Amino acid sequence: MFQDITTLLLDHTAFKDTVDIFVDRYRDMGISVVAGVEARGFMFGPSIALAIGAKFVPLRKPRKLPGEVISESYVLEYGKDCLEMHVGAVQPGERALVIDDLVATGGTLSAAIRLLERAGAHVVECACVVGLREVKGQHGLNGKPLYILVEPRQQINCSAPSVNGVETCRHDDLILGASFSSPLNPTSKSD
């Protein structure tokens, strides 16, 4: 199942509430850098950075930033990619948060962590709006904690036969928060 946050962005109340949850979590953690992963990390990162008094640092795909950059390559399930950041965007000792819309395998977030740490930053945590169950906790993120706002529950009733060629597998609602125990309002569910 494809997970996407674009419907969240269409609902200004839900979008604001999402940003506010992240702001409440990070406001008093001494974070001076919010690093957003291209491209959907750019949708949440600047708002969070402004609200907590931090700077926003874009982590971009190759050849999108002007000037001198440092880069970090990484392997994806389907190939290779690279993130770049301006030289001097992060100073040694700064406390950083990495933000993206979704984490699936953790490869992109791990590259973001390595890139920031090469510049001397201390990555406090990674945060995503949607996370897949397989990446919970610190798995694959260079030992850094991962905060996931919503996580799809596993499919249930999947042993039921199809009816007239239509899948009868039922999906539960999304669950909210780091404890993965509070169901979202079913009307807020995105497919």
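Hi everyone, let's start with the helices: α2 and α3 cross in a right-handed way, meaning the near helix is turned clockwise from the far one by less than a right angle. Helices here are DSSP runs of H or I with at least four residues, strands are E runs of at least two, and both are numbered from the N terminus.

A quick word on the source: this is a predicted model, where local features need pLDDT of at least 70, side-chain atom pairs count only at pLDDT 80 or more, and totals for linings use all residues. Residues are numbered from 1 along each chain, and side-chain values use heavy atoms, without hydrogens or water.

Back to our pair. The axes of α2 (residues 12–26) and α3 (residues 41–52) come within 9 Å and cross at roughly 50°. That makes α2 oblique to α3.

Who makes the contact (heavy atoms within 4.5 Å)? From α2 we have F15, T18, V19, F22, V23 and Y26, and from α3 M43, F44, S47, I48, A51 and I52. These divide into 10 nonpolar, 2 polar and no charged residues.

Now, the pocket. How much space lies in the largest pocket? About 540 Å³. Its lining counts 22 residues, and Y78, D100, L102, A104 and T108 lie nearest the centre. Elements giving two or more residues to this lining are β3 (69–76), β5 (95–103) and α4 (107–118), with β5 supplying the largest share, 4 residues. By class, the pocket lining has 10 nonpolar, 5 polar and 7 charged residues. Thanks, everyone!

Methods:
Axes are lines fitted to C-alpha atoms, for helices over the stretch in contact, and angles run from 0 to 180 degrees between N-to-C directions. Angles under 35 degrees count as roughly parallel, over 145 as roughly antiparallel, 65 to 115 as roughly perpendicular and the rest as oblique. Contact means heavy atoms within 4.5 Å. Ala, Val, Leu, Ile, Met, Phe, Trp, Tyr, Cys and Pro count as nonpolar, Asp, Glu, Lys and Arg as charged, and the others, Gly among them, as polar. On a 1 Å grid over the protein atoms alone, a cavity is a set of points where a 1.4 Å probe fits but cannot get out, and a pocket is an open set with protein on both sides within 12 Å along at least five of seven lines; lining residues have an atom within 4 Å of a point. Grid points are joined across faces, edges and corners, and a volume is the space filled by probe spheres set on the points.
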